[in-house]
Amino acid sequence: MTDAATLPPGRTTRLKLDRDGVIKRGLMLVIAAYLFAALALPLYAMLSKSFVTYSFDLTRYEFQVSDETGTIWSDPVSAADLNARLDLFDPDDLRTSTNGRLAVTGFFPEFSFRSPVKYRLRGTVADAPYLVGLDLQNSTEWREFDGNTFRRVNLRPVATAGLQNYRAYFTNPTLLSSIGNSVFIATVSTVLTVTAAFGFAYALNRSCMQFKGAFRLIAMMPILVPSLLPGIALIYLFGNQGLLKSLLMGQSIYGPLGIVIGSIFFTFPHALIIISTALSISDQRQYEAAESLRASKWRTFWTVTIPSARYGLISAAFVTFTLVITDFGLPKVIGGQYNVLAIDIYKQVIGQQNFEMGAVVSVVLLIPAVIAFAVDRIVQKKQVSLLSARSVPYQPRPNRRFDMAMLGWCSLVALFIVGIIGICQFAALVKFWPYDLSFSLRNYEFDRMDGGGWAAYFNSLRMAALTAVVGTVIVFTGAYVVEKIDGFRLGRAGFQFLAMLPMAIPGMVLGLAYIFFFNDPENPLNFVYGTMAILVISTVTHFYTVGHLTALTALKQIDAEFEPVASSLRAPFWRLFARVTVPVCLPSILDISIYLFVNAMTTVSAVVFLYSTHTALASVAVLNMDDAGDVAPAAAMGMMIFYTNAAARMLHAAASRGLLRRTQAWRLR
């Protein structure tokens, strides 16, 4: 072709978005805005709060004192000069919290409210707050007080930004020891839990023992109860009036021992699910090769089984570590004087109203959780496929001795789980432990106890139902638009980051962040603070990631050709969504809903800072009743949560069976 025949360059062709593309992007931006407002902005507010310090700036105030006639006034003198002259306060004494007060009468040793001497006070700068009784003043104009009024004047602190809170934290031996305690508890609990879960999963997948279905059911029971419940059970078993106290041989269950045992209980099913999934994917040919090479069972275990399950073991370890180090309920019930990071946050916020130091501890708690999450994600990316088209699924062979050993191990673990649940139910039914063990329903009269009464239980039901419905819609819609949208790579990457972030955020940190963000009067979203809405928002956000991953897994199984075919037929995407996507993904949608419901019933850490007198929850009522000494009613409320979640699971199974029979017939050949 000659140069003369060459076509001239034209404008770059750009694909124009159709209506479906615009709507999908709009939906993704709406849900991204929700995550940004419900997660990113509160975390930013909490991080900012951790750098805020409050102190009394004495250079901002000046005083004058009259003679006894009240007509002749002294020269103005600053509070800083008076402090230096009298040597009253050093810089550390002037540091305080946001609610700090400093009485001005301390600068005048001869002060007497009966004296006719009068006083004047003014601010030297625009920001010099002080209180006259409960009346806040902030002015550079002189104001005159008689002695009786002057004794009611208090200086207020001013806010500055800096690292003083972090310096104070890391120079406080008591607070600093919590880091070591938390890491120690999480490490020991992780090792023991992963070991126990691996043995249990190995028995379920590699043996021919009996009652596998029953053992699987029992192993999942801890998911249905709040983490406080094992602490209550351990008190009844090994506490000061415990049934089996003598077995501890003088050791106390209140402290690290109780926290570790309770942590094993409530993290066991999480580790089991991950490890069992890893062990269920094995190639029979590898074991046949090892057998043909005359490798011993022990060597085959370490050269075939462990390497094939290593990613599952690592993932289970990091999940367990994160759950333990961020848990609040169990250390609160049975930790005694053993401080951990989650308890420090609660003490700083609820006990001392020191929100800035609570924010500092939250940031410290956030670090190990984020590291564990990041390492787990890196490990998962390195995982490779273990099964190919030629793989042969592993089929265990009967071996009486091995099967009996596995049955014995699973029986011990099942006895531990059932024992914890059973002792709580027993304690909830007896009249007065351990003196009157006759049965009664008096402990279920929650309206006579602290904690919110039966209203707290029904609030939890309402909150859990709203979380399941609203959360499932938000999570699945968000996963759908990010998976099925064309192009917009940068926006999708940002959305995925926001969707994965909640898994790395401890519940205590999220709850405290909500206080800083939503409780700000200048925030237009302030109206949701103290309502049921903020409890639903926090719970959906806290458990968003698992539902998002579940939805993505289901959506990736649908052929991508459905969208272009529907577009060529000029069918709007919502029709395809309603008639194809939702029915195909219905099993996963139901799984997301029951996951959100159960976690909403059991969560404590994410809502302990957010409930009001009208929105008290059952899980928080367990905590409050235990604090008030009503341990048996606390156990009874915990068992109500357990039975509610068990009933929800059964209803979910029944509904799923009926719905799936109608919508999943295409799966059958």
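Which residue in strand 11 is the bridge partner of T53? In this predicted model, the partner is T160.

**Overview**

The protein has 24 helices and 13 strands. Of its 669 residues, 51% count as buried.

**Strand pairings**

Strand 1 covers residues 52-55 and strand 11 covers residues 158-161. They run antiparallel, joined by four bridges. Strand 1 also pairs with strand 4, again antiparallel, through two bridges. In that pairing, Y54 stands opposite T96.

L131 stands opposite N154 of strand 10.

| Strand pair | Bridges | Direction |
|---|---|---|
| Strand 1 and strand 11 | Four bridges | Antiparallel |
| Strand 1 and strand 4 | Two bridges | Antiparallel |

**T96 in strand 4**

T96 sits in strand 4, which spans residues 95-96. Is T96 buried or partly exposed? T96 counts as partly exposed because its relative accessibility is 26%, and buried means under 20%. T96 and Y54 are 42 residues apart in sequence, yet their C-alpha atoms are 5.5 Å apart in space. Setting aside residues up to four places away in sequence, T96 touches Y54, S55, F56 and P157.

**Helix 16 against helix 19**

Two packed helices are described by the angle between their axes and the distance between the axes. Helix 16 comprises residues 489-500, and helix 19 comprises residues 544-556. Their axes come within 8 Å and cross at roughly 130 degrees. Helix 16 and helix 19 are therefore oblique to each other. From helix 16, the residues F495, Q496, A499 and M500 take part in the contact. They meet Y544, T545, H548, L549 and L552 of helix 19.

**Helix 17**

How many of the residues of helix 17 are buried? The count is 12 of 12, so helix 17 is mostly covered. Buried residues of helix 17 include G507, M508, V509, L510 and G511. Also among them are Y514, I515, F516, F517 and F518. Helix 17 runs over residues 507-518. From first C-alpha to last, helix 17 reaches 16 Å, close to the 16 Å expected at 1.5 Å a residue.

**T615 in a loop**

T615 lies in the loop between helix 22 (586-602) and helix 23 (618-627). T615 counts as buried because its relative accessibility is 6%. A polar atom of the T615 side chain lies 2.8 Å from the backbone nitrogen of S612. Leaving aside neighbours within four places in sequence, T615 is in contact with N459, G530, T531, M532 and L535.

Key:
Residues numbered from 1 in each chain as written. Predicted model: local features only at pLDDT ≥ 70, side-chain atom pairs only at ≥ 80, totals over all residues. Heavy atoms only, no water. Expected span 1.5 Å × (residues − 1). Buried < 20%, exposed > 50% of the residue type's maximum accessible area, 1.4 Å probe, protein only. Polar contact = N/O pair within 3.5 Å; in protein donor to acceptor, adjacent residues only side chain to side chain. Contact = heavy atoms within 4.5 Å. Pairing = 2+ DSSP bridges. Axes fitted to C-alpha atoms, helices over the stretch in contact; angles between N-to-C directions. Parallel < 35°, antiparallel > 145°, perpendicular 65-115°, else oblique.
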